[in-house]
Amino acid sequence: MNKVSIFTNYKVTTNYGATLQAYSLNYFIRKKGIDCKTVGVIPDKVSRRKIRSRMPKNFKSIQGIIRIIARKLNRLIIRKTLVVRNQTFEKFRDNFIPHTGIITRQDVLDHKESYNVAICGSDQIWRPTLDGKMDDVMWLSGIACEKKIAYAPSLGVEKLSDSQLKFAEIALEDFHSVSVREKSAVTLLQPICSKTVTHVLDPVFLVSKDEWEKFSCNEISNDRNYIFIYFIHPSKKIYREVSKIAKKLDLDVVTIPYNSFFNTSDMLFKGRKEMNCSPQKFIRLIMDAELVVTDSFHATAFSILLNTKFYYSATNFATRGRSLLNDFQLDNRIISEESDIRLDEEIDWTNVNTILKRRIADSEDFLMNSLNECNAV
């Protein structure tokens, strides 16, 4: 039986969605009795410098420099919090995601390690980099590997350049089976792929509601009922509008601040802040909330899976969330303004769970059939 190695961006992150999807895929495969580890790939500092040097000139303007300096100064204010959060995530990865030793991207490409069956997925691992390139490692391009499977990677964009499509076409030829997380990715990749590109669910759906409840059972979220606000890109308006709703309903407002960078909206928020929130507690916060308001794909995914009432705040870059909600006939949960929230609008969870059961079965079938065909079962 071949060993399975998972490639995903999880090692250097405090993103709850990225970490929990990495846990989910690893957990699901191991639960099936398959030897599986997630590859501890770390970013290449050299490539990071290259990306920064190629950033658009407007980012190097005086105003841009001022913003960067202000951001760095502000980050010093919350540095202790971020350090503790990093330690919390590192502890979670060590305890719950069996992984290989740390390996650099260049070592992977130099064939310092070889793999029996490699799975790339999930999350936005196939998204073009800031300088427009495709990530060789996450596309498993040029990696020493016997069999390759793509499970639910996301492109994160609706269009690819000609050079990006050419890269994808060549890379996909080496795959045994290919699946993606968004329908838009099927539309983009199927014309250039000789294999069927299958639309599957994010790995967090491969773990059942009961399993998530048990996984988070040691985390107590709140004594009072509350609205959970979870934004990657928050604003003062979001907090203000949701706080008004909470006051009308006599609810607390809870958030996890500083999810992508320091911002004054998080700093000035007067509700309850979960500064050092573990991934398990993140799940519990969604599970126990009266309402979730978010711009996060994975907070939306968990709200659906756990049957928690929610609204998804869409932006111009909300392809992933829109695709997810369309899958479950929940387009009415998309809002463009927080004032669009309608408290009397209920969710037909019976219909949602019927769709969910079918989609989970289809996604599990794709993954298990792929692993079986690659002699990993």
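How much space lies in the second largest pocket? About 240 Å³. Hello everyone, and let me start there. Fifteen residues line this pocket, and those closest to its centre are Lys3, Ser5, Lys37, Thr100 and Tyr115. Strands S1 (4-7), S2 (36-42), S3 (99-104) and S4 (115-120) are the elements that each give two or more residues to the lining. The largest share, four residues, comes from S3.

Before we go on, please keep in mind that this is a predicted model. The pLDDT averages 87 over the chain, and 88% of the residues score at least 70. There is one stretch to treat with care: over residues 46-59 the pLDDT is below 50, and beyond near neighbours in sequence this stretch has eleven contacts in the model.

Now back to those pocket strands. S1 and S2 run parallel and are joined by three bridges. If you want to find the pairing on your screen, look for Val4, whose bridge partner in S2 is Cys36. Together with helix H1 (residues 16-31), S1 and S2 make a right-handed β-α-β unit. On to the next pair: S2 and S3 also run parallel, with four bridges between them. Here Ile42 stands opposite Thr104 in S3.

S8 (residues 226-230) and S9 (residues 252-255) pair in the parallel sense over four bridges. Between them the chain passes through helix H9 (residues 236-249), and this β-α-β crossover is right-handed. To spot the pairing, find Tyr226, which stands opposite Asp252 in S9. S9 also pairs with strand S10 (residues 272-273), in the parallel sense and over two bridges. In that pairing, Val254 has Arg272 of S10 as its bridge partner.

Next, two helices. Is H11 mostly covered or mostly uncovered? Helix H11 (residues 279-288) is mostly covered, with nine of its ten residues buried. Among them are Phe282, Ile283, Leu285, Ile286 and Met287, and also Lys281 and Arg284.

The other helix is H13 (residues 319-327), where seven of the nine residues are buried. Those buried residues are Thr319, Arg320, Gly321, Ser323, Leu324, Leu325 and Asp327. What do they pack against? The list includes helices H7 (183-189), H12 (297-305) and H14 (349-373). It also includes strands S7 (197-199), S12 (310-313) and S13 (334-335). After H13 comes Gln329, with a positive phi near 55 degrees.

H13 leads us to my last topic, the cavities. Which element gives the largest share of the lining of the largest cavity? That is H13, with four residues. Arg320, Ser323, Leu324 and Asp327 are among the lining residues, and these four are also on the list of buried residues in H13.

How values were computed:
Residues are numbered from 1 along each chain as its sequence is written. This is a predicted model: local features need pLDDT of at least 70, side-chain atom pairs count only at pLDDT 80 or more; totals for chains, interfaces and linings use all residues. Side-chain values use heavy atoms; hydrogens and water are left out. Buried means under 20% relative accessible area, exposed over 50%, partly exposed in between (1.4 Å probe, protein chains only). Contact means heavy atoms within 4.5 Å. pLDDT is the predictor's confidence in each residue, from 0 to 100. Two strands pair if DSSP finds at least two bridges between them. A crossover is right-handed if, with the strands pointing away from the viewer, the path from the first strand over the helix to the second runs clockwise. On a 1 Å grid over the protein atoms alone, a cavity is a set of points where a 1.4 Å probe fits but cannot get out, and a pocket is an open set with protein on both sides within 12 Å along at least five of seven lines; lining residues have an atom within 4 Å of a point. Grid points are joined across faces, edges and corners, and a volume is the space filled by probe spheres set on the points.
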